[in-house]
Amino acid sequence: SGGDDGGLNERGGGDAPNPTVDGSNPASTGEYPHGARAYAQYARAPHAKAAEAYPEGSGGVFSFSTQLRRFASSRALLAFVVVTLLLLVGGLSAIRGMRNELAEWRALREKKAARREKAEKAAAFKKSQEEEAARRRAVLAEAEVARVLACPAVVTEAATKAAEEAKAKGEPKPRKDHSAVHRCVLDLGGPGTSTELRADSEKGGDPSRCVVCAEFLADVAEKVKIELAGSGSKDGAGTADRVLGTACGEAQGGGNSRHGKLCDSLLTLRKDVARPLGLGVPPRKICERVSQKDSLICELKAAKEGTVGAEGGDVAAGDAFKRISLLVHPDKHRGHHGAKANAAFRLLKQARDHFDLKAKREAERLKKEEGRE
């Protein structure tokens with residue numbers, strides 16, 4: 001150890017260590033209690049053995065603060081900060097995306113709920129309109145049954161009144177009309193028919209003007225109203241156009257003969273008819289307006305009694321039977337009205353058969369007269 005001792009005294013000699021910067025002696029201050037040898041050993045210790053040369057609590061250059069400063073200046077910290085920031089930004093973006101998706105999902109759910117509520121309201125309104133239309137048809141059906149059943153009494157009363165008036169005037173008694181009751185049942189004119197009622201309510205005008213068009217468009221307008229109530233659509237013209245096309249297709253396919261001819265004109269003026277029909281304009285006014293462009297619309301009248309059709313029957317009686325049977329048929333009546341409906345439907349069939357037979361006989365008579373000529 002002699003060599004070591006000599007080396008220790010190179011700067012200050014002996015055992016005394018070199019003084020510090022402020023001039024104090026570390027050995028004398030007690031900072032290194034082991035003396036100058038320990039101080040020199042620590043000062044000359046290799047850097048690789050710094051942990052052994054400077055034990056814990058020695059206050060050497062490799063303290064915790066020095067290591068922290070070195071770590072802070074290293075690339076590892078920079079990478080750590082970058083990764084942390086990226087993760088933070090990614091997390092915030094993910095949270096924002098989740099919030100946006102949640103908001104979109106809530107908006108979609110509210111939209112679906114609103115659409116479902118709107119559809120439910122439209123369905124409920126359509127159902128109420130259908131029920132109201134069914135009630136109106138039921139009232140009309142009951143009234144029509146009562147009218148048909150009352151025809152024999154009404155015709156008899158009218159005949160008695162006419163006979164009394166003729167007797168009072170000294171005129172001969174009117175000839176009995178065997179077709180009067182059947183004419184009343186089929187509503188072809190005379191006492192107890194809607195034609196007589198229209199003539200009383202429309203004095204000064206022609207009650208038969210536009211009647212075919214008005215009756216046809218009245219049924220179409222009822223269907224348009226129900227369709228608009230169920231769909232909730234504001235496109236009344238489009239709905240009316242579709243319903244009008246369907247109704248005309250049925251009419252031209254074998255319905256009322258006059259309705260088929262009417263549809264030829266209505267479909268030509270389809271837009272002029274559908275637009276006001278979707279807005280709720282009364283059917284008769286629509287017919288009068290479009291008749292200015294096509295006069296056939298209001299000139300077309302119901303078939304006259306005695307007109308022979310292609311099948312040999314009375315066209316007027318056949319059209320009337322189809323129209324009235326929709327109201328009088330027993331299937332349209334239940335309960336205590338069933339018996340009355342059966343009786344009225346029997347009268348309706350008898351009236352149609354009566355006029356069909358009458359038309360066939362008239363056609364045969366005319367054919368014979370042509371053969372003689």
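This is a predicted model: local features need pLDDT of at least 70, side-chain atom pairs count only at pLDDT 80 or more; totals for chains, interfaces and linings use all residues.
C151 and C184 form a disulfide in which the sulfur atoms lie 2.1 Å apart. The torsion about this S-S bond is about -75 degrees, so the disulfide is left-handed. Because C151 belongs to helix α6 (residues 75–169) and C184 to helix α7 (residues 180–185), the pair ties together parts that are 33 residues apart in sequence.

This disulfide is one of four in the structure. C213 and C287 are each buried.

C248 and C263 are likewise joined by a disulfide, at 2.4 Å from S to S. The torsion about the S-S bond of C248 and C263 is about -85 degrees, so this disulfide is left-handed. Since C248 sits in helix α10 and C263 in helix α11, the pair ties together parts that are 15 residues apart in sequence. C248 has a relative accessible area of 0% and is therefore buried; C263, at 0% relative accessibility, counts as buried too. When the bonded cysteines of the protein are numbered in sequence order, the pairing reads 1-2, 3-8, 4-7, 5-6.

Attention now turns to the nonpolar interior. In soluble globular proteins, nonpolar side chains tend to be buried together. The largest nonpolar core in this model has 29 residues, and those with the most contacts inside it are F216, L217, V220, L262, L266 and I297. Two or more residues of this core come from each of the elements α9, α10, α11, α12 (270–279), α13 (283–290) and α14 (296–299). Helix α9 supplies the largest share, eight residues. Once residues up to four places away in sequence are set aside, V220 touches V243, L244, A247 and L277. A second, separate core has 18 residues, among them V148, L186, I324 and A344.

One histidine also deserves a look. H259 is found in helix α11 (residues 257–268), and its relative accessibility of 16% means that H259 counts as buried, the limit being under 20%. Apart from neighbours within four places in sequence, H259 is in contact with V212, F216 and A251. F216 is also among the residues with the most contacts inside the largest nonpolar core.

Helix α15 (residues 315–328) gives a simple check on geometry. At 1.5 Å a residue, its 14 residues should span 20 Å, and the end C-alpha atoms are 19 Å apart, which agrees. Of those 14 residues, 10 are buried, so α15 is largely enclosed by the rest of the structure. The buried residues are V315, A316, A317, G318, D319, A320, F321, I324, S325 and V328.

Charged side chains complete the picture. Side chains of opposite charge can pair when their charged atoms come close. The model contains 11 salt bridges. In one of them, the side chains of R242 and E227 meet with an N to O distance of 3.9 Å. As R242 lies in helix α10 (residues 236–252) and E227 in helix α9 (residues 211–231), this pair ties together parts that are 15 residues apart in sequence. Both partners are partly exposed, R242 at 46% relative accessibility and E227 with a relative accessible area of 31%.

D353 forms a salt bridge with R352, and the closest N and O atoms of this pair are 3.8 Å apart. D353 is partly exposed, with a relative accessible area of 41%, and R352 counts as partly exposed at 24%. A further salt bridge brings together the side chains of E362 and R365 at 2.3 Å, N to O. E362 and R365 both lie in helix α16 (residues 338–372), three residues apart, about one turn of the helix. An α-helix has 3.6 residues a turn, so residues three or four places apart point the same way. E362 is partly exposed at 31%, and R365 counts as partly exposed at 36%. Elsewhere, salt bridges that share partners join E132, R135, R136 and E222 into one network.

Methods. Residues are numbered from 1 along each chain as its sequence is written. Side-chain values use heavy atoms; hydrogens and water are left out. A salt bridge is a side-chain nitrogen of Lys or Arg within 4 Å of a carboxyl oxygen of Asp or Glu. Helices (H or I, at least four residues) and strands (E, at least two) are DSSP runs, numbered from the N terminus. Buried means under 20% relative accessible area, exposed over 50%, partly exposed in between (1.4 Å probe, protein chains only). The expected span of a helix is 1.5 Å times one less than its number of residues. Contact means heavy atoms within 4.5 Å. A nonpolar core is a set of buried Ala, Val, Leu, Ile, Met, Phe, Trp, Tyr and Cys residues joined through side-chain atoms within 4.5 Å. A disulfide is a pair of cysteine sulfur atoms within 2.5 Å.
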